[in-house]
Amino acid sequence: MRRDIILNNDWKFAKNEQLAKVYPNDWQTVNLPHTWNNIDGQDGGNDYIRGTAQYVKSFNTSQFDITDSSKDIYLEFRGASMSAKVFVNDKQVENHCGGFSTFRCDITDYIKGGDNKIAVLVDNSENTTVYPQRADFTFYGGIYRDVYLVVADKNHFDMNYYGSNGIKITPQVNEKNAKVTCEAWVTGGDAVVFSISDGEGECFRSKAAVSNGYAKTEINIDNCHLWNGIDDPFCYDVDAQLEFNNEVVDCVNTIIGFRSFFVDPRKGFFLNGKSYPLRGVSRHQDRLGVGNAINLNMQKEDIEIIKEIGANTIRLAHYQHSQEFYDLCDKNGIVVWAEIPYITNHMDEGYDNTISQMTELIVQCYHHPSIVCWGLSNEITVGGKITDNLLKNHNDLNLLAHRLDSTRFTTMAHAFMLDIDEPIVRLADVCSYNLYFGWYLGELEQNESFFDEYHSKYPDAVIGFSEYGADANPELHSSRPVKNDYTEEYQCIYHEHILKCINDRPYLWATHVWNMFDFAADGREEGGKKGQNQKGLVTFDRAIKKDAFYLYKASWNKREKFVHLCGHRYIDRCEDKTPIKVYSNMPAVTLFVDDKEFETKTGDVVFDFEVPISGIHKIEAKAGMCSDVITIKKVDSPNKSYFLEEAEPVINWFDKDDIKQGFYSIKDTLGTLKENSDTKAIVDEMMNKMIASRGDVAKSANNNAGLQKMLDKIPLESLIKQAGKAVPEEMVKQLNASLQQISKKSGNS
Ligand code: GCU
């Protein structure tokens with residue numbers, strides 16, 4: 001029988017293989033999981049070390065009792081990013097490209113009796129062949145998941161096929177009857193016994209003869225116990241035993257779940273024949289201080305937080321996550337969108353890598369009942385034109401996914417500027433869009449108008465909401481929150497709007513908040529933080545659940561009754577009457593001020609109060625047996641720590657009544673202003689000035705038809721605000737004065 005020996009301890013590590021050869025005393029002793037970017041990859045400046053580092057481990061065969069030459073010996077890496085060259089006793093045995101999947105090397109012929117040396121050159125440098133290369137997250141380098149020495153009998157399940165465990169168990173459910181196709185690929189052996197047990201005494205067995213290294217059988221299970229999402233995530237255990245001369249020589253196991261699902265373009269996602277709207281979050285794997293070198297307890301903590309918010313789906317972006325985390329999703333009934341890091345920029349030379357990463361993702365994750373789809377790419381049109389190579393790459397990935405797995409559908413996450421009429425939008429079986437109206441640009445209302453336009457134009461095409469979010473720093477606060485102020489209060493306003501947008505559109509097959517957790521993007525420096533994307537509903541260290549977390553908990557978590565007072569961190573208030581927001585999944589909330597009953601409100605999730613303040617006040621919200629308390633204080637001048645020093649003053653050049661009605665103004669959308677030749681000339685001149693000052697991004701925007709179509713829906717005033725200092729106030733006033741000279745009665749000339 002095989003032995004999996006963990007090899008995580010006592011590796012010598014050096015940040016550069018040249019350095020290691022010349023200065024051996026620069027070696028550090030590290031234990032895996034390990035990354036060399038856990039600090040510099042999270043502190044801003046986009047300057048984290050990317051290059052090649054070396055990990056070396058010496059061992060004696062007697063340590064692991066592998067002197068017996070009748071064994072096959074493998075090294076198994078669960079994750080080394082982004083590429084790894086593996087040497088045994090100075091001979092190269094593997095070059096694996098892809099930082100998120102398991103890979104194995106057969107080292108049987110390279111191991112010698114006595115002392116042996118394993119060396120691994122790990123590389124996360126920039127290149128044109130391995131994804132990801134351009135994205136909004138840190139590409140950590142390191143052997144950041146476990147490493148095993150696998151000692152197997154000469155007769156064993158195949159270990160050379162893209163890191164799979166050599167079996168493929170395919171359940172097909174009809175009502176409550178399941179037919180399970182059991183396949184195995186083996187070296188040696190003469191029969192395979194498959195067992196499927198429900199852990200409650202029922203066990204279904206079938207034996208298949210091996211022929212040419214392959215064995216196949218079918219097992220029927222009537223009245224099976226369905227895997228039914230968060231309500232009943234029932235899994236079966238599968239064991240496969242390889243026999244040789246009637247002796248069991250190898251055994252592998254997995255879990256499976258019996259479920260059926262489909263997506264309807266008008267009614268969304270269905271699980272086991274019932275409507276099951278997928279409403280949840282996305283997750284990056286990394287964490288403050290440890291980078292991607294996380295342990296099982298950290299992953300368990302993440303899943304508990306996701307269960308608390310009540311999500312029934314997770315988009316595990318933008319790469320293959322650990323097997324442990326998919327297992328946790330299986331056992332907690334959380335539906336998963338899995339994907340490869342084919343992201344932002346298509347690279348012609350990256351074709352092979354997308355194929356190998358997608359193959360590894362599917363064969364290694366095939367058995368997880370939580371996974372329902374394979375994501376082909378993320379915002380791949382952002383980095384350039386839709387070329388024939390890009391389309392071929394996607395079509396081939398789509399065919400590959402269907403060939404490897406006929407039970408799941410494929411999907412893509414599109415960037416908001418991708419024109420909905422582009423054929424690539426509907427290349428995969430289903431698709432979703434990443435929209436950031438109300439954060440990066442435009443107004444919140446454009447989210448719903450986008451989906452309504454799409455759905456009315458393509459009523460038979462399934463559409464989802466794969467990303468949306470707004471950054472919030474829990475130290476920043478305002479009673480008059482505005483877009484891009486990075487306050488918790490604006491994040492709440494944003495998500496309240498989007499949650500209503502989602503609840504009103506059952507045709508959205510899945511929606512995923514971007515993001516469950518803040519995560520590292522070393523190129524960022526904003527919102528008072530360096531190196532982080534702060535769109536998380538929870539902070540990077542998992543210590544703070546931001547107020548918006550409780551909006552979704554109130555909407556999704558029906559099990560745990562609670563009431564949450566927003567503003568635990570917003571103590572100093574300037575105004576005489578201050579807004580007090582409560583999130584709760586109870587039907588009514590009563591507010592007490594200094595222990596005196598103030599007001600009771602009934603509502604649905606969101607309860608807004610206005611409270612007069614004059615000193616220090618205890619504010620308490622009660623609902624049934626639930627309660628929450630905050631203390632706030634009336635102050636004369638704003639607490640400077642609540643807003644960013646460099647914060648742009650809230651620009652409000654003109655109130656509605658400053659504007660001459662019946663004449664054009666900056667309150668009109670770009671599209672409206674383009675319809676009249678005189679106003680179009682004025683706007684073109686201003687846009688050219690803006691582009692000149694905003695460099696290539698604005699230029700590419702100007703050339704991007706899909707984005708232009710999007711911008712045409714946005715009021716000119718909002719676009720100018722977005723441009724920040726690029727458009728000085730004087731220019732805005734002159735611009736508006738010129739537009740106000742032109743009567744709308746002059747029509748579209
Ligand atoms: C994009 C992208 C994410 C990124 C997000 C953001 O949609 O897919 O990876 O983090 O925008 O800008 O926050």
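This passage walks through a predicted model, from its domains to its ligand and then to some details of its helices and backbone.

The domain assignment divides the protein into domain 1 (3–153), domain 2 (167–256), domain 3 (272–556), domain 4 (573–642) and domain 5 (656–746). Between the centres of domain 1 and domain 2, taken over C-alpha atoms, there are 33 Å.

Some of the contacts can be described atom by atom. The side chain of tyrosine 440 places an N or O atom 2.5 Å from an oxygen atom of the ligand, and an N or O atom in the side chain of glutamate 467 is likewise 2.5 Å from a ligand oxygen. For arginine 524, a polar side-chain atom lies 3.2 Å from an oxygen atom of the ligand. Taken alone, the ligand would expose 320 Å², of which the protein buries 92%.

Helix H6 covers residues 445–457, and its 13 residues reach 19 Å from the first C-alpha to the last, close to the expected 18 Å. Its buried residues are Gln446, Asn447, Glu448, Phe450, Phe451, Tyr454 and His455. In an α-helix there are 3.6 residues a turn, so residues three or four places apart point the same way. Helix H8, made of residues 547–556, is mostly covered, with ten of its ten residues buried; among them are Phe549, Tyr552 and Trp556.

Most peptide bonds are trans, and most residues other than glycine have a negative phi. The bond from leucine 32 to proline 33, however, is cis, with omega near 0°, and proline 33 sits in the loop between strand S3 (28–30) and strand S4 (52–60). Tyrosine 131 and proline 132 are also joined by a cis peptide bond, here with omega about 5°. Proline 132 belongs to the loop between strand S10 (115–123) and strand S11 (142–143).

Tyrosine 162 has phi near 50° and lies in the loop between strands S13 (156–157) and S14 (167–174). It counts as partly exposed because its relative accessibility is 35%. Threonine 344, with phi of about 65°, is found in the loop between strand S28 (335–339) and helix H4 (351–365). Threonine 344 has a relative accessible area of 9%, and is therefore buried.

Notes
Residues are numbered from 1 along each chain as its sequence is written. This is a predicted model: local features need pLDDT of at least 70, side-chain atom pairs count only at pLDDT 80 or more; totals for chains, interfaces and linings use all residues. Side-chain values use heavy atoms; hydrogens and water are left out. A polar contact is a pair of N or O atoms within 3.5 Å; within protein, one must be able to donate a hydrogen and the other to accept it, and residues adjacent in sequence count only if both atoms are side-chain atoms. Accessible areas come from the Shrake-Rupley method with a 1.4 Å probe; for residues, only the protein chains shown count as cover. Domain bounds come from an automatic or database domain assignment. Helices (H or I, at least four residues) and strands (E, at least two) are DSSP runs, numbered from the N terminus. The expected span of a helix is 1.5 Å times one less than its number of residues. Buried means under 20% relative accessible area, exposed over 50%, partly exposed in between (1.4 Å probe, protein chains only).
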